[in-house]
Every structure is written in C-alpha cells, then in structure tokens.
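Please consult the sequence and the coordinates while reading.

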Amino acid sequence: MSRAVVRTSRVPLGSALGFTITALILSVGAYVIAGYGKRGQLPAKFVIYAAIFAGGYALALIAIRRFAPAADPALFATAGVLVGLGFAMIFRLSGGLATEQATWIVVGLAAFVVTIVAVRDHRMLDAYTYSIGLLGLILLMLPLVPGIGRTINGARLWVQIGPLGFQPAELGKVLIVIFLASYLTQKRELLQVATTRLGPFRLPAPKHLAPVLFAWAGSLAILFLQRDLGASLLYFGIFVVMLWVATGRAVYLVIGVVLFAVGAYLGWALFDHVQLRVDVWLNALDPNKVFDVGYGQLAQAQLGMATGGLVGAGLGQGSPGLIPFASTDFIFAAIGEELGLLGTTALLLLYVVLVGKGLRIALEARDPFGRLLATGLSALIGLQTFVIVGGVTRVIPLTGVTLPFVSYGGSSLVSNFILLALLVRISSGPAPGRAVT
Amino acid sequence: MERQIRRLGIGLLVLFLLLFAQVNFIQVFAAEDLENNPANALRQLRTEYSVDRGEILAADGTTVLASSRRSSGDLKYQRRYPQGDRFAHLTGFYSFVFGRTELEQSFNDYLAGEAAELLPQTLADLVLGRDKRGATIVTTLQPELQEAAIQAAEAESGDVAIAAVDPTTGNVLALYAEPTYDPNQLASQDPKVVRAAWDELNEDPDKPLVSRASDELFPPGSTFKIVTASAALENGFGPESTWPNPRELDLPLTDATIQNFGGTHCSGGAAQITLASALQQSCNVTFGEVGLELGAEALAEQARKYGFSAEPGEDVIPFDIPWVSGVFPDAETFVERTPAVAISAIGQQDVATNVLHMALVAGSIGNGGVMMRPRLVTEVRDPSGRVIQEFAPEDFSEPLSSENAAALTQMMVSVVEGGTGTAAQIPGVSVAGKTGTAQHGEGEAPHAWFVSFAPAGSPRVAVAVVVLDGGNLGSEATGGQVAAPIARAVIEAALGL
C-alpha cells in the first residue's frame, strides 16, 4: 500500500470546542425560537432535546478528539448547524416528526462515532473494492425485490421489513462512492491512455470505456425501474466527476455530458412523468395551473420563499404547512419562508463551507484513494444539494432527493453522518495508537 | 488530480452561485409579483391575520372601538368591534373576504404594523419570535356623545344623520347615521357568515354600509342660507341691509317663482326686510333676491371657501377616512340659467351636502371665520404605549372675516331665540342655529335640517342634523320642528348639561 501517513498536528482543543459549542447554541437556539414562534413558550420537550444535542455533539467531539485528533475542527460543527436548523424547522412543522427526527439524530451521531472508531484508517476500505461495490449495488436494487420493496410518491425507493422502513439507496450512495474511489484509483492509469481518435477527441480503448457505459446504463436502469430521476442524475454525475478527477481526462466529462443529454432525452421521450416534471418546472406559476397537482407544490414553494422575502416570517410565523413535503424535499422552501433570504443564504454558505472543506481535505490527503474518496463524498453532498435546491427554486426540473443533514428522514441522516465521519477520518489521517505500514 | 479537484471546486461554486442568484431573484426581485399570485391568497391571508392588529380607541383612550384577540380558527387573530354598530361608519370593517374600509383601511399601515416608525418594534418581535403587533389609533370620538346622538336619533322614527364637531380643532366628536351595520359579522372568520351578512347589507335598499352622515349628499335647503348670507356679508352687505319684501319672487326668463315656506309673506308683509330678519324667518324670497344680486360667481366663490367642490367626489376637504363633501357647481354652469342661481342660494337644485360638512360650515362661523380640517385621529401609539405620531389641528380655510363671522353668529342666535329654530333653545346657553326643510322630489317628504353651534360666544361644539324624508312628521316636517330638538339634545350632551 501507499506510504504511511501519520499526522501529529493535533488541533487545539479550544478551536474544536468553540466550533462545536457554536453549533450547539445555534441548533438549540433555533429550536427554542421555533417553540416560541409556534406556541409563544419554551417547547415542552426542551430539556430532552437540548440534552440530546448537547450530549450527542459532546460525544462526537470526544470521539473526534480521541480517534481523529488532527481532523478539521469545523467540519463536524458545520454539519451540526445544518442538522440543528433542519430539526428546528421539522419541529416547527410537526412535533411528531421532530420526535422521530431526534431519534434519527441520535442514531446518526452513533453511526458517526462508530464509523470513526471502526474505520481507523480510511485505506482499510481500499482493500474491499468489490465487496463494497457489490453491497452498494445490492442496497440500490433492494427496493426492486418483490415483497419488501415499496413505492412511495411514485418512486420505488423504500424497503419495508416488518415495522422498519428505510431507503437503502441512501447508504448505497456512500458505498458506491467508496467503491468508485477504490476502483478508479486502481484503474486510472489504464483509463488515462488514449488510443482511438474520434474527430477532435482522443478516446480511450473501447474496453476501458466500458465502465462509463456501464454506469450510464445503470443510471438509466434506476430511472426506468425505480422512476427515481434524482438518484439517477446524482449517480451518473458523481461517476463522471470521479472518473474525470481520477484520470485527469476532460474527454470523460464531454462523453458524460453527451450521454447525460441522450439519457435525459430518452427519459423525456419515454416517460410521461418526466415530461410532466419538465412542464411543471417551466410552468409552475402559470395562473391556470398553479392549483393543479404537481404544479401546485412547486408553486407553493416559490410563493413561500417569496413571502418570506429578505428576513422571513420568523420561525413558526409563516405558513410552510401550505408547501407539500415541507419537511423533506421542500424543506429549503420552508426555511426560505420563515427565515427569508438571510436564512437561505446562510444555508447555502454552510454547504459551500462543507463542500469546500471536503475538497480541501481531498487536496491535502496524501494517498490517491483518500484523495479521490474525499472528492467523491464532497461532490456527492454538493451535487445532491444542488439537485434539490435547484429543483425547489426552479433552476432545474425538480427531482426528489433529500437536503443533506437538513431534511427529515432517518436513512438520509444516518448515511450523511457516516459520510461525514469518513471525511473526518481522511482529514485526520489514521487513528493514533496503531502504526500503519 | 489536484488540478481537477480545484476545478471541481470552482464548478460546484458556480452551481451554488446560480442557486444564490435564483434565491435572490425569488425572495427579493420577483417577490412582490409572486406574492400576488392567485395561489398565494391563503398564505397572504394568514400572514395578514398573524398580526396582532392595533386597537382603535375613542378620545378617552380607554373605550375600545376595534381590537384583535387570538382566535382558535385557521386565522390567528380575530377582529372585534365591542361597540357593535355604533361606530361602524368610522372604524369601517376588517373582513378577510371583502377587505377593509374607513379607518381600518386608511390607517392600515399603522394598525397592521407596517409603518416605518414601527420597524424597530417589529424587528424585536421577529427576533423574539413574538407575533407582529400593530399600532394603536386614538380617535377624537366621544363615546357618551355618540351614545346621546344615537338615542336622539332612535327616538325619531325616520332615518337620522348627526355630526358633532369641535369648531376650534375640527375634532369629530360624534358622527352617526342610520341605518348602520354591525362590522363584527363582516369580520367573522366563517366565510358563510361573512357572505350572508354582506349579501344582506348590499341587498338592503337603504345601503347601511354607506354613511348618510358623510358618504351621501342631500340638498341642504335653508341651512345653506348661512353660506349665502356669508357671501352677502363678504360682499359689503350688512345684517341690517334692507331688501324688497314681495310675497313671491318672480324668476327671470321663466314663469316660475320662489315662495316662502307655506306661501307666507315675511315680516307680516312689510315692504322691506333686513338680511338678519330674513335669516331669522328663513325667507326664501329674500335669499333668492340676495342670490340674484350677488350672482353665481360670488356664491360659488363663497361655497368654495367653505369647501364645496364643483363636482361630487373631488374631496377638497381632507379627512382621515374617505368621504364625500358638499357640492356647489361652477359659476359658468349658471350661464343662461339665472333662475337656478336664486334656487341654489336657498340650498335647492344644484346644491348638495351632508351633516359632517354642514357641521364644519356652522362651526367655522362660530370659530371666528376659520374653518378647521375635520380631524378623526389625534395620535398613534406603538404597542408599548409610546406616541409615535401626532396629528395637530389644521386650518382648512377662512371663509369669512371675524367681524362678519360675529355678525352672522348674532343672526343665527336670533334664529334660535325668536325665529324658526326656537326648539333648539337651551336655558342658560346661547345657541346659534339655522333650520332647513329641503325639497328633494315631487311628492316626497322633505329632509329636515338643523345646523348649529354653542355656546355662541365661544363654541365648544357644532352640531348638524338631518332627518331624512321628514321623519315622524313626514311631509309636514320642518327642520325647526324635527331636527332642532335632536340637535339640542346633542348640544346638551356635549356641554355636559
């Protein structure tokens, strides 16, 4: 394997503590304000939820200090603010959902700690390329298995086993990124060699192009079989980006864009629901359609954000209940209505910080696998955020994915915490106490 | 790899900038357009009704005319009018179906907490997660006087409109018109209740939503003679100037004549009559002569000074709520219509006004010839009670000199002391007044008017009353019999007698 990476530069406790306490104050503060906005009083479960946030963030901080002492101190805090803000918004929308989300925050933080402790060195993962890839693929395809797969809101994304429902693709996404980082690190030299000429482009040998076509076909399969436009777009985008970064060959980006265009056209030509998505995107605010199904929900998102204006109605003061799926896909619009442009700008900046820090970690990683993995994970957060926020704000057609760390939903939250733990791990290098050779 | 990662970073940043630009577009640049989208009606409504709308208070600062309280319904706050139908034409209503009227509309910026002065408060409430609160409006209205006016009006079977104004400040102390309505039903949060009330009010031929005290115009009849008398005094005639006293006045260019009330001959048929005596007896013949002598130009000029506009709805007298002030046509409309000049001089034909306007006119005579702008709101207080806006009394015009005002006051006192308005006499108080009995259609009972102020030397209140279609007495009604007693009751209440 590659040369040992041992960092001794322990981050000062003060800055790590400062960031985490700031995240805690913002999280609990937003929740308290939402409580006042909603009922004019301190929320009834204030002590419980404040303890969950304080205890959870403290445990996460301890785990980072103990097992990843050199990790970027702001990384966890940035995600912590996002989680807190999302929780406040979910609580404001529904006390019941907030209770569930709190449970998932606990599970997510536990998954975060377990990942940091278990994955003592991210390069461990490089040894299981195909096992991880296969597991990721299985998770992706699981909802298609008759009997346990469930179709909710038109997309076959859910698996129901007994009382437990989850979206396996959320974790599958992270595994696929790990697989791609590992696979592409190993194959990148082969993929870099250009042998064939096609017009102005020099292409790799057809057999090396196969993975691109395979990923494209896979993404189309997700679109066809699960009718999940968002995930399909996301997988293909991540794959092309990682391929490009791994090989340094811009031609893959070009091929990717062309294949995406073809895929998008095929989807549009073949599926009514894709055509509807495009029409909703273009005509959501058409006065003749604003009350129609589909158009209405996107219209309400726009109107909510517009009504929020610069400073928003205030947490608990707007009518985000008028926006369908306000706690999941449309949570960005709900935040826009109650916290205004200030809130949405802050939210976007937090993602810029998170993604920027992720890419910074990638640049600073000494091994190619860690570098590519950090790139892939950061790109996943960045693209997923763009896909959902762009969809909600009508920059692109709406495709349902969650807003990382903010949306209600256990599968997404837990997977994002695992993703975050991996970034923390790469940022810090191997856990202290065991030499890696 | 490093170069690609940096480029990826730039690429993602560009995507986020795109999102940032779009969010700015939605939340700032296109926000106003979007907010008016038909699909946003419910959100706008909820936003509007999530404000703890400010109170409208009477002059005493404690009597609540309109207030908001938390509602258990879909909309957070419910508007209430504790005084029922008493002040409806002044507060107006606040309905989620039919919008706002009167003070609810004209002071909406303050009541809804939108005014710039309230911004610090609003921001503080926002940060603390409290409901936005509106400002309190303090009016000039006196609940006891309004109550006295209502009781006097209810004792009369016909529809009555009453205005009581402080001549020195223009403060509207009481303003009441029958029929009125209960704004609580229109402010209901049940659309069925609101629509039912709305339909009923609009199907009523008497139009209760429209105030007959300030929104409609009626011929003022002989009460307009105080305007004609003002014009005479301002044009060099004195109270003792004498005029020919025929039984009836032949109008030029026609066979028509002007007759005195009941066809009587003023001053027992004397050959000459003074201006003062003609006002005391309300001689139509004399004032027809005065009108012809002065001409349309002088009459119109005097009417303009009193705030009469050439066309209805020009609203030359500013007021805190929408209203319709009196009308006297431009002089050129009388060209080749000389008879109309004489008829208009006695307050018929082309002249129309209402009690609010006539109370201001009468008051300006008592106020030494200075007409005040009618004032309904004195101050605005923020939710913590601090005064954030004050409205001082304002002069509107000087329709006549103080000497002429004093002379006319004396003439109006004699109307009450020994003329047509004796029913308005109050022991120990010198009341100045003028009666009017206005024809407004063949076979219709006349409108009975009385305009007045008291005490005559230093008036504290000017009162105008109209009893529509004669009231109890029908076609036999005169202003002196029907309207003067109502005015007296209101003056007594205003003076605390």
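Helices (H or I, at least four residues) and strands (E, at least two) are DSSP runs, numbered from the N terminus. Just after helix H11 of chain B, B:Gly236 adopts a positive phi of about 100°. The model is a predicted one, in which local features need pLDDT of at least 70 and side-chain atom pairs count only at pLDDT 80 or more, while totals for chains, interfaces and linings use all residues. Residues are numbered from 1 along each chain as its sequence is written, and chains are lettered from A and ligands numbered from 1 in the order in which they are written.

H11(B) itself spans residues 225-234 and is mostly covered, with nine of its 10 residues buried. Here a residue is buried if 20 or more other C-beta atoms lie within 10 Å of its own, exposed if 12 or fewer, and partly exposed in between, with C-beta atoms placed from the backbone. Among the buried residues are B:Lys225, B:Ile226 and B:Leu233. The cover over them includes helices H12 (275-281), H13 (284-305) and H16 (402-418), as well as strand E17 (432-438), of chain B.

Chain B also contains an open sheet of six strands in the order E3-E2-E1-E6-E14-E15, with mixed pairing; two strands pair if DSSP finds at least two bridges between them. Strands E3 (77-80) and E15 (387-390) of chain B stand at the edges and have a single partner strand each, so one side of each lacks a neighbour in the sheet. Strand E2 (residues 64-70) of chain B pairs with E3(B) in the antiparallel sense over four bridges, and B:Ser67 stands opposite B:Arg80 in E3(B).

Where the chains meet, 35 residues of chain B are in contact with 54 residues of chain A, contact meaning that the C-beta atoms of two residues, placed from the backbone, lie within 7 Å. On the side of chain B that touches chain A, H1(B) gives the most, with 18 residues. By class, that side of chain B has 21 nonpolar, 10 polar and four charged residues. Nonpolar covers Ala, Val, Leu, Ile, Met, Phe, Trp, Tyr, Cys and Pro, charged covers Asp, Glu, Lys and Arg, and the others, Gly among them, are polar.

Chain A has 14 helices and five strands, and 56% of its 437 residues count as buried. Within chain A, A:Ser94 lies in the loop between helix H3 (73-93) and helix H4 (95-118). Why does A:Ser94 count as partly exposed? A:Ser94 has 15 other C-beta atoms within 10 Å. A:Ser94 and A:Ser327 are 233 residues apart in sequence, yet 8.7 Å apart in space, C-alpha to C-alpha.
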